[in-house]
2 protein chains.
Amino acid sequence: MPTAFPLPVPAIPTAPVTAELRDALRAIVGEKGFIEDEHGKQPFVTDWRGLLVGGAGAVIRPGNTEEVSKVVRLCHDHGVAIVPQGGNTGLMGAATPWPAHTGIVLSLGRMNRVLDVDPVGYAMTVEAGCVLQTLQETAAAHDRFLPLSLGAEGSCMIGGNLSTNAGGVQVLRYGNARNLVFGLEVVLPNGDVWNGLRALKKDNTGYDLKHLFMGAEGTLGIITKAVLKLWPAPKDVATAWLAVRDPRAALEILSEAHAASEDNVGSCELLSRAAVDLVMRHIPGVQDPLRADTPWYLLLEWSSSRPRQDGADGMSEKLEQFLADQLEAGRVVDAVIAQTVSQSRNMWRIREAMAEASRAEGPGISYDMSVAISRIPEFIDKGLKAVLDILPSIRPYPLGHIGDGNLHFSFMGPIGMDQQTLNQYTAAITRAVNDLITSMGGSISAEHGIGIEKLDELNHYRSKTELDIMRTIKRALDPQNIMNPGKVLRV
Amino acid sequence: MPTAFPLPVPAIPTAPVTAELRDALRAIVGEKGFIEDEHGKQPFVTDWRGLLVGGAGAVIRPGNTEEVSKVVRLCHDHGVAIVPQGGNTGLMGAATPWPAHTGIVLSLGRMNRVLDVDPVGYAMTVEAGCVLQTLQETAAAHDRFLPLSLGAEGSCMIGGNLSTNAGGVQVLRYGNARNLVFGLEVVLPNGDVWNGLRALKKDNTGYDLKHLFMGAEGTLGIITKAVLKLWPAPKDVATAWLAVRDPRAALEILSEAHAASEDNVGSCELLSRAAVDLVMRHIPGVQDPLRADTPWYLLLEWSSSRPRQDGADGMSEKLEQFLADQLEAGRVVDAVIAQTVSQSRNMWRIREAMAEASRAEGPGISYDMSVAISRIPEFIDKGLKAVLDILPSIRPYPLGHIGDGNLHFSFMGPIGMDQQTLNQYTAAITRAVNDLITSMGGSISAEHGIGIEKLDELNHYRSKTELDIMRTIKRALDPQNIMNPGKVLRV
């Protein structure tokens, strides 16, 4: 239960929702789209972790793009700031209003229709408020695959996924959220609607605007619809759990797996022994797939959209051959291929229960970082040393999407140390980790974005030139600074 | 030998290269980077087709990014316009100066070093002036694959490929040029250098600037370096030539080929009988792979990075099984799989010699268009009808990258009709074709871009809102309008 906003609050000029404006907004969206009582607003002004609580004059829930456009135009004309929000599951606070926010939260949740599914063209047109899991299921019902997959998929919404360029466990093969999009519809800060809803694989007619809105975290406009790319549904999946020599071996295994699988590597997740132990300790019913006591593991999944053919090698046989070769080469210490769906689910549960397990263990810190894939082993060595130099009893449990060069570089506090004491070390540790990332040409936010949480870090680590380009674009497209002000950039 | 510039020339304010400026430029790049005599400038101010001839105060050829930065800053301070140029192989005139251009052409050709190859990380860092084919060969020498492949690869340069978001014959599987890039270095219109040279698969720290510069055709800045993504080298390739029932069957074949090949469809090119006949008529030594007399053909290639295994099915066996199934389903009328490299080369030669053959045949017109993949058959039907209504004796020979929804919708003039007479019909035909494309949500320039040639068409067919966003971005980043002015947008 936070009492004070835990981060420095920028001075953002935002006009209040006056009585006159309230009536006009209500006239646009109707009673069911208008929330102004404190109880009703509460879930929309609080981030899902309950750490950040902001303010809002009203929460507006439009039912279609035309209503979004009218609401934004009205706010634009009155200088009222807007915080766009999807499923409100982000980790960086981009969808949470600042405490001093007197404008509106604009929730896309009522716009949740699938408008078109085109299985032949491998495309699906959807509204921004569709829940990700619903879209995965819709694609599957048409024998197609929407690869975006992440922990919050049961409640996050596709508009938010695209606005934050979400990552997840399928990036290695299919790319980030921005790679899954043919076209967008966006409501601009002045209320105009940009119709870029093209289902085109190729279109070289001027600047690529869709990539500008994706990853902008709602600061340049509100994504209201999207044409998503679909893929063939996986029909033959093999999942393995490997004890590996070290992170460098993991990388070499992945490098060779591309060819051996015929480019069918779906996931490649690195886990430290400490990370696995965390889950074993706190999550009931999970089994350790290998009773090895080695420090590093790899969850490797190959999948193909070609069903197993009688008499021909399927994914399992190819994976088995590959693991035998890697064992011989000394990169793999021991390995097991899941023989049943429940064995495969158990392997995935270890990876996915990490957040839950670490919460149960106690206070900790984690960095969502990336470097060039080939530099991951070097980063782990240097990063662990840097952090242990500051707090020798801290307990590292690194893990992550090694195929993306993206680690969740994570630590539990020393045994018995409370959150407040740990906090005294956090600033120094964060600086050491982020300095190292930057010196290695990496990213201080590989998939979670900037939002509120990393504003100052972005400002510290990015060049003036890069920040200047971003500010120039922001000011040009949103000169009044009403679209999610004070997120990504302080402007 | 053109006497007049064939397109309306915009009024672009551009200061001349004064004697003082000439000395300053020469001091930056030295003698070998400075060209001002008419003979020396000629290849840089003429587009490769010889259709457009522009002007330039000087041609500047910097040797490194620092020199580019200094040259641009100097031009910026003097209001002198800059036309960036790579291999000068574009089809839309983006790299050709306007006739009234009194500024400089900035050629990247001397910046042609490969700076780093990282096979484990599947990445390669290069300067903008590297010739595409050289980069393909460099990747191959490291057992890696750079998928960008197009007709001009022997002379086009990677900086131009990225600035125009080039397409080609591998887009189906690997995406456009913008999909092959981890990071960029760009010199901005004020001479500042943006260092976005990150080899990161994931980086969610603010706006995605690289996608803004790619496809902007040099109007927002000059790409000077790039970190390119590499893929595993193909080791098992099967190429087939199919007589197919009609374009809809071609689409269904492709849709089923994804799964049957385990997502290993590399290319899928549709050709009409008339297109094949053109090549047979004009290109010596090419064989018709099937002596079928059916109206539509498909060049289908599957490739895998896994070498053929003894006893296991390779690409050829899988493709053979697939073609038998498609024959039975009635979509394929007849088919042959290349048994030797020379048979495969012959099939590709038919596709690649199309431009040469059509030039030999006589005057014609062609539209580089795209629609949603599933609407290609409908477009062909309606498009042919619309054009034949205007000029019944025109001779269509449609072909294209059907897997990308991208046709080169092409016509030879009626037999015996000269260019001048054909030109009298061109405006009406272009309008009819582009209206149809637009009404079907398609693109009037799928891969060739806008440049000079399609300025007015972009302006006509794109919404005011979309053009406004583009103009706002252009004005914000290049307020003096000195960076490739009058290309893409008249501003």
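Predicted model: local features only at pLDDT ≥ 70, side-chain atom pairs only at ≥ 80, totals over all residues.
Residues are numbered from 1 along each chain as its sequence is written, chains are lettered from A in the order in which they are written, and side-chain values use heavy atoms, with hydrogens and water left out.

**Exercise 1.** Describe the interface between chain B and chain A by its residues, buried area and salt bridges.

Solution. 

1. Start with contact, meaning heavy atoms within 4.5 Å. Chain B places 84 residues in contact with 83 residues of chain A.
2. Turn to buried area, the accessible area (1.4 Å probe) that two parts lose on being put together, summed over both. The two chains bury about 7000 Å² between them, with 54% of it on carbon and sulfur atoms. On the chain B side, K202(B), N204(B) and Y207(B) lose the most area to chain A, together 15% of what that side buries.
3. Count the salt bridges (a side-chain nitrogen of Lys or Arg within 4 Å of a carboxyl oxygen of Asp or Glu). There are 18 between chain B and chain A. One of them joins K202(B) to E447(A), with the closest N and O atoms 2.7 Å apart.

**Exercise 2.** Find how α9(A) and α12(A) are oriented to each other, and which residues make their contact.

Solution. 

1. Locate the helices, which are DSSP runs (H or I, at least four residues) numbered from the N terminus. In chain A, α9 covers residues 273–282 and α12 covers residues 354–361.
2. Compare their axes, lines fitted to C-alpha atoms over the stretch in contact, with angles from 0 to 180 degrees between N-to-C directions. The axes come within 9 Å and cross at roughly 75°.
3. Angles of 65 to 115 degrees count as roughly perpendicular, and α9(A) and α12(A) are therefore roughly perpendicular to each other.
4. List the contact: α9(A) contributes A275(A), L278(A), V279(A), R281(A) and H282(A), and α12(A) contributes M354(A), A357(A), S358(A), A360(A) and E361(A).

How values were computed:
Helix = DSSP H or I, 4+ residues; strand = E, 2+ residues; numbered from the N terminus. Parallel < 35°, antiparallel > 145°, perpendicular 65-115°, else oblique.
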